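Please keep the structure open while reading.

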Amino acid sequence: MSTLALQPGRLTLPDLQAVHQGGVRLALPASAAAAVAASAALVARAATGSAAIYGVNTGFGQLASTRIGAADLAMLQRNLIRSHAVGVGAPLAPPIVRLLLALKIASLARGHSGVRPELLRMLTAVHDAGLVPYIPEQGSVGASGDLAPLAHLTLALMGEGEFLVDGARAPAAAALAAAGIAPLELAAKEGLALINGTQASTALALHALLTFEPVLEAALVIGALTVDAARGSDAPFDPRIHALRGQPGQTDVAAYYRALLTGSAIRASHRDGDDRVQDPYSLRCQPQVVGACLDQLRHAALVLLREANAVTDNPLVFPDDGALLSGGNFHAEPVALAADAMAVAIAEVGAIAERRIAMLIDAHVSRLPPFLAAEPGLNSGFMVAHVTAAALASENKSLAHPASVDSLPTSANQEDHVSMATFAARRLQPMIANTAHILGIELLAAAEGIEFLRPLRSSPALEQAHALLRARCPRLVRDRYFAPDLEAATALVTGGALSRVFRAVPGLPALWVPG
């Protein structure tokens, strides 16, 4: 197992991808210890001082005016976790929990949260032992931190919650003991520092970004294959067109399509003498549509990377001048807006793919047999496969409604505007699944269209994609039970096989722009 050096405040997207994939140990730089210890010492002094410090020697939320005596400070933190661990729903998946742990470690290690170094050592030990705290996915409104999810995390660290062991819930005390890790005893402010923060919503949004990456790359390959199947033109991908607009995602997507189509004998066969003047928008406007989606996703990646490096609990500790300041960094509005933008982009990638399927099965537009059936009438071909794609595209339209515009006040109106970032990020997974299925259907349809153009061949890259599909799904010579083909094609979309075809094409612009 390799070791990943977490640099607090300087995490990179490759760092987060490594954590997400698993199989790495986490290490903090030695320089982090001094800052962490200094902030913990300041909190320890403040806890027994005369001044009221929110969440250190007071109650929480509407109860912040209640002063807590020194003898009850540890109980205050334990009660906070027990009362806030009220999440419901399915547990967060291990890759999300790994991200959450790494983000929490990196945030606390910046030395502005007032936790002791031993808390960071325990979090790191839990991650490195492969322990997965049981964290229900529902119950956070994305303000005042992801309170319920992070409380479940902390309760497991205390030995009172649960871990997932081989996919099943198991008592936390036993899981910690089996790993040789002592349960966490919370000191002043540590419970609050652990549950205040945007790490759950950020981890969910990063999980979606990383999950969608191979799907987006597959979409580019499949979209190019459809251009050839429909005998479309590559003229709309001419770089001069896109230079005049200056939208970077559009420019890059046009470059992707030019590269993917290079060497296509199908394109060469109708370069002259084709009586069609312009292709449908779903073909020729792919750079404009998918490029705009790419720009949104790139922006979201930058926002999420900033949030991954942020300190988002409350109050914040400044050892240099002894200040403890109450603010609102726990409000996850940046994550919510980024996740909403991602939702629209994910939906649009699926929506234009559905339109391309509709174009391919329409003989009047594609000039291929109706519904791509060898004997139309006796066979229905892709008629109802397209209906499935339409149903999924429509479902994504509803899911793409922005979550961030829906705020419900909580905590007796103390927390009177919230972000709904956790749901905004969580709902991206079913959207990605829907778009992947649409693309799987398009892959089957485009490959079938290519069959009607044989012996002509597409470009080397696209023929490789075609061969990957044919190794799993034979041509649709006649109607058959088709759902297994859809699943096999979708697996090529989500599993990285088509992504590897995309990445093997030389000279492509980077998908993500480094922050």
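A charge is taken to sit over a ring if NZ of Lys or CZ of Arg is within 6 Å of the ring centre and within 35 degrees of the ring normal. In this predicted model, Arg475 lies over the face of Phe452, at 4.7 Å from the ring centre, and the charged end of Arg169 sits over the ring of Tyr134, 4.0 Å from its centre.

Arg169 also belongs to a sheet, where Arg169 in strand 7 is the bridge partner of Leu164. The sheet is open and antiparallel, with three strands in the order 4-6-7; strand 4 (132-133) and strand 7 (168-171) are its edges, each pairing on one side only. Strand 6 (residues 162-165) is joined to strand 7 by four bridges and to strand 4 by two, and Leu164 of strand 6 is the bridge partner of Val132. Between strands 6 and 7 the hairpin has two residues, of which Asp166 takes a positive phi near 55°.

Aromatic rings form three pairs in the model, two of which are listed here.

| Pair | Geometry | Centre to centre | Angle between planes |
|---|---|---|---|
| Tyr256 and Phe502 | edge-to-face | 5.0 Å | 80° |
| Phe382 and Phe482 | edge-to-face | 5.2 Å | 90° |

Tyr256 lies in helix 11 (residues 248-261) and Phe502 in helix 22 (residues 497-504), so their pair ties together parts that are 246 residues apart in sequence. Tyr256 is buried, with a relative accessible area of 0%, and Phe502 is buried at 4%. Phe382, in the loop between helix 16 (363-366) and helix 17 (383-399), is 100 residues from Phe482, in the loop between helix 20 (460-470) and helix 21 (483-494); both Phe382 and Phe482 are buried.

Notes
Residues numbered from 1 in each chain as written. Predicted model: local features only at pLDDT ≥ 70, side-chain atom pairs only at ≥ 80, totals over all residues. Heavy atoms only, no water. Pairing = 2+ DSSP bridges. Phe/Tyr/Trp six-rings, centres within 6.5 Å; stacked < 30°, edge-to-face > 60°. Buried < 20%, exposed > 50% of the residue type's maximum accessible area, 1.4 Å probe, protein only.
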